[in-house]
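Reader: I would like to learn how to read a model like this one. Please take it feature by feature.

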Amino acid sequence: MTAGMNNPELGCDGQDEDPGRLLRPAESGIDQARIARAVREILAAVGEDPDREGLRETPARVARMYAEMFSGLHEDPRMHLRKFFTETYDEVVLVRDISFNSMCEHHMLPFMGKAHIGYLPRGRIVGLSKLARVVEGVARRPQVQERMTEEIADLLVEELQAQGVAVVIEAIHTCMTIRGVRKPGSMCVTSAMKGCFRSKMSSRAEIMTLIYGDRR
């Protein structure tokens, strides 16, 4: 048997975890103790015993999970775009397949997928990792995919003053795949085109070709 397999101090990912450790609101910006109390009520409401061994630490674990999933509520994603470099480069910059996980605000179930972000600079470029950090900051809050797509695009337009910005997001929503209509494999695709990618069909065609290439 793998060492620690039955150790209650280990979380599902195998990392050391203090089952009773809850951060105070001042530390995380999120009231984890309040979340834990609410989860305990939910367990009781569905007919479970919150005090049985397997569920005893569940409220605290869920509270820590929510603090992680909603950490973007207490972060300004603009900060990742404030440090830029002055360059004369005036062709498309594209980062494809930025993975993300977010929480649908309608059913509080996760949706996950990939974001593709492209922009046409106007004298300003940012480190490529900053685009991924923007996605992470916007995704880690109660979201809908349509708003998330627009928010990312608007941030790049405002902070980089780019000639054009294109954001395409592809995601699987568990609120559609594991409940309700239950259609696994369904994919939602949203896009936000700004500047030249909205006004010039040739520019839009170029960015979509760069994103998808021969994958479509």
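Reader: Is Gln161 buried, exposed or partly exposed, and what is its relative accessible area?

Author: Buried means under 20% relative accessible area, exposed over 50%, partly exposed in between (1.4 Å probe, protein chains only). Gln161 has a relative accessible area of 43%, so it is partly exposed. This is a predicted model: local features need pLDDT of at least 70, side-chain atom pairs count only at pLDDT 80 or more, and totals for chains, interfaces and linings use all residues. Residues are numbered from 1 along each chain as its sequence is written, and side-chain values use heavy atoms, with hydrogens and water left out.

Reader: Where is Gln161 found?

Author: Helices (H or I, at least four residues) and strands (E, at least two) are DSSP runs, numbered from the N terminus. Gln161 is in the loop between α5 and β6 (164–173). Its phi is positive, about 50°, although Gln161 is not a glycine.

Reader: Which helix does Gln161 follow, and how many residues does that helix have?

Author: Gln161 follows α5. The expected span of a helix is 1.5 Å times one less than its number of residues. Helix α5 (residues 145–160) has 16 residues and reaches 23 Å from its first C-alpha to its last, close to the 22 Å expected.

Reader: Which residues of α5 are buried?

Author: The buried residues of α5 are Gln145, Met148, Thr149, Ile152, Ala153, Leu155, Leu156, Glu159 and Leu160. Down the axis of α5 they fall within an arc of 155°, so they line one face of the helix. The arc is that of the directions from the helix axis to the C-beta atoms.

Reader: What does α2 show in the way of buried residues?

Author: In α2, Gln32, Ile35, Ala36, Val39 and Leu43 are buried. Their arc, seen down the axis of α2, is within 100°, so these residues line one face of the helix. On the other side of α2, Arg34, Arg37, Glu41 and Ala45 are exposed. Just after α2, Gly47 takes a positive phi of about 100°.

Reader: How should I read the packing of α2 and α3?

Author: Two packed helices are described by the angle between their axes and the distance between the axes. Axes are lines fitted to C-alpha atoms, for helices over the stretch in contact, and angles run from 0 to 180 degrees between N-to-C directions. The axes of α2 (residues 32–45) and α3 (residues 58–69) come within 8 Å and cross at roughly 130°. That makes α2 oblique to α3. Angles under 35 degrees count as roughly parallel, over 145 as roughly antiparallel, 65 to 115 as roughly perpendicular and the rest as oblique.

Reader: How many aromatic pairs does a search of the whole structure find?

Author: A pair of aromatic rings is described by the distance of the centres and the angle of the planes. Rings of Phe, Tyr and Trp (its six-membered ring) pair if their centres lie within 6.5 Å; planes under 30 degrees apart count as stacked, over 60 as edge-to-face and the rest as tilted. The search finds two aromatic pairs. Tyr66 and Phe70 are stacked, 5.5 Å centre to centre, with 25° between the planes. Phe100 and Phe111 are edge-to-face, 6.0 Å centre to centre, with 75° between the planes. Phe100 is in strand β2 (residues 93–104) and Phe111 in strand β3 (residues 109–120), 11 residues apart.

Reader: Are Phe100 and Phe111 buried or exposed?

Author: Phe100 is buried, with a relative accessible area of 3%. Phe111 is buried at 0%.
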